[in-house]
Amino acid sequence: MWLQVALLADEARAEPLSEALMDAGAVSVSLEDADAGTPDEEPQFGEPGHPAQPLWRHSRVVALFSGEIELAPALAAAAAQIGLDAVPPFTVEQVAEQDWVRLTQSQFDPIRIHERLWIVPSWHTTPDPAAINIEMDPGLAFGTGSHPTTRLCLEWVLANIEPGHSVLDYGCGSGILAIAAAKLGAGTVHAVDIDLRALESARDNATRNNVEIKVQHSQTPIAQRYDRVVANILTNPLCVLAPAIAACVAPGGRLALSGILATQAEQVIAAYAPYIALTAGAEHEGWVRLEGSLAC
C-alpha cells in the first residue's frame, strides 16, 4: 500500500516543499497547476524575450510515500524544513500495490494515424510492417500520437511533406513530428524546443527510429527558412511567437499550427494575419489545426 499526498503551495514554496518532502521520505514528488481546468489555469512556456514564470501561482505538490511511513511527522518535518509553522492544506489517498510497469504499458496500444502510419510502443509488435512505423514510448516529453493535436499534425505531415523538403518542428516535445517527417524522406529536419528534456527525448527517439534530425534550443537563433513548418504548442505561446514562427517559412512554404482549441482559432488567425493567412484545416475533439501557405 502507498499513500499519495497532495499539498497546496504558492509559487515560492512549491519547489522547496517538493525537495523537503523527498528528504522526509517521499519516493517521488510532482508539481501540478492547482488551477488546471479552470479559467485561472496558467500554461507554462518561455521563449527569448518571453521567459516563463517560475511556477504556477497556486501549485499542487503530489508526493508518494510508502504505506509504512508515519505520515504526520514526515509532513511536519518537511514543512519545518522550509520554515512553515504548519503543514499546508493536503489530502491523502491510498494507492494499492500494483505492477506499475505492466499497468502503464497496458494503457498504450499501437495507434493507427493513417493506413500509412502507425505509432508503436516498444513493447508491442508492429501491426503493419509495410507502413511507416514510429517507435515511441510515453515519457516526460509531450507527443505519443494519442492526443488529438498530435494526430492533427501527423495527418498534416503525411499529406504535405515530400522527399527533399526542409522541415522545422517548433516545440518538438518528443520529436514525433520531426521523426515522421524524416521517415517520409524529408531532407533537412530540425526540431526546436525550450525544454532541455524534450530535446534529449527527441534526440533519443530519433536514434531509436534510425533517422537523423537536428535538435536545437529555441534560444539559439534560427537562420534557415523551411519548406514546411509545424508547431504543436498552445494558443498563448503560438500567438506570442507569431513573428518568429512565420519568419521560418520559406517563400512557397507551408505552415501548420495546433494545440489550439476550436474556440481560440480566430485569436491565432488574427495573430498570424500580418505574416501569413491561416485557415482551419481540420478539427478533432474540439481541437483545431490551422494551416496556410506563404506566397513566393
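I take axes as lines fitted to C-alpha atoms, for helices over the stretch in contact, with angles running from 0 to 180 degrees between N-to-C directions. I take helices (H or I, at least four residues) and strands (E, at least two) as DSSP runs, numbered from the N terminus. This is a predicted model: local features need pLDDT of at least 70, side-chain atom pairs count only at pLDDT 80 or more, and totals for chains, interfaces and linings use all residues. Residues are numbered from 1 along each chain as its sequence is written, and side-chain values use heavy atoms, with hydrogens and water left out.

**Helix 1 and helix 2**

I looked up helix 1 against helix 2 (residues 71-81) and found an angle of about 135°, with the axes 8 Å apart. The two helices are therefore oblique to each other; angles under 35 degrees count as roughly parallel, over 145 as roughly antiparallel, 65 to 115 as roughly perpendicular and the rest as oblique. Helix 1 passes helix 2 in a right-handed crossing (near helix turned clockwise from the far one by less than a right angle; anticlockwise is left-handed). L17, A20, L21 and D23 of helix 1 meet L75, A78 and Q81 of helix 2, where contact means heavy atoms within 4.5 Å. By class I note five nonpolar, one polar and one charged residues here. Ala, Val, Leu, Ile, Met, Phe, Trp, Tyr, Cys and Pro count as nonpolar, Asp, Glu, Lys and Arg as charged, and the others, Gly among them, as polar.

**S18**

S18 sits in helix 1 (residues 14-23). I count S18 as buried because its relative accessibility is 13%; buried is under 20% relative accessible area, exposed over 50%, partly exposed in between (1.4 Å probe, protein chains only). Beyond neighbours within four places in sequence, S18 contacts V29, L31 and V61.

**L64**

I placed L64 in strand 3 (residues 58-66). At 21% relative accessibility, L64 counts as partly exposed. Its C-alpha lies 9.0 Å from that of S30, 34 residues apart along the chain. Leaving out residues up to four places away, L64 touches W2, L3, Q4, A26, V27 and S28.

**Helix 4 and helix 5**

Helix 4 (residues 148-160) packs on helix 5 (residues 176-183) at about 20°, axes 10 Å apart. They are therefore roughly parallel. T150, C153, L154 and V157 of helix 4 meet I176, L177, A180 and A181 of helix 5.

**Cysteines**

I looked for disulfides (cysteine sulfur atoms within 2.5 Å) and got zero. C172 is buried at 4%, and C248 is buried at 5%.
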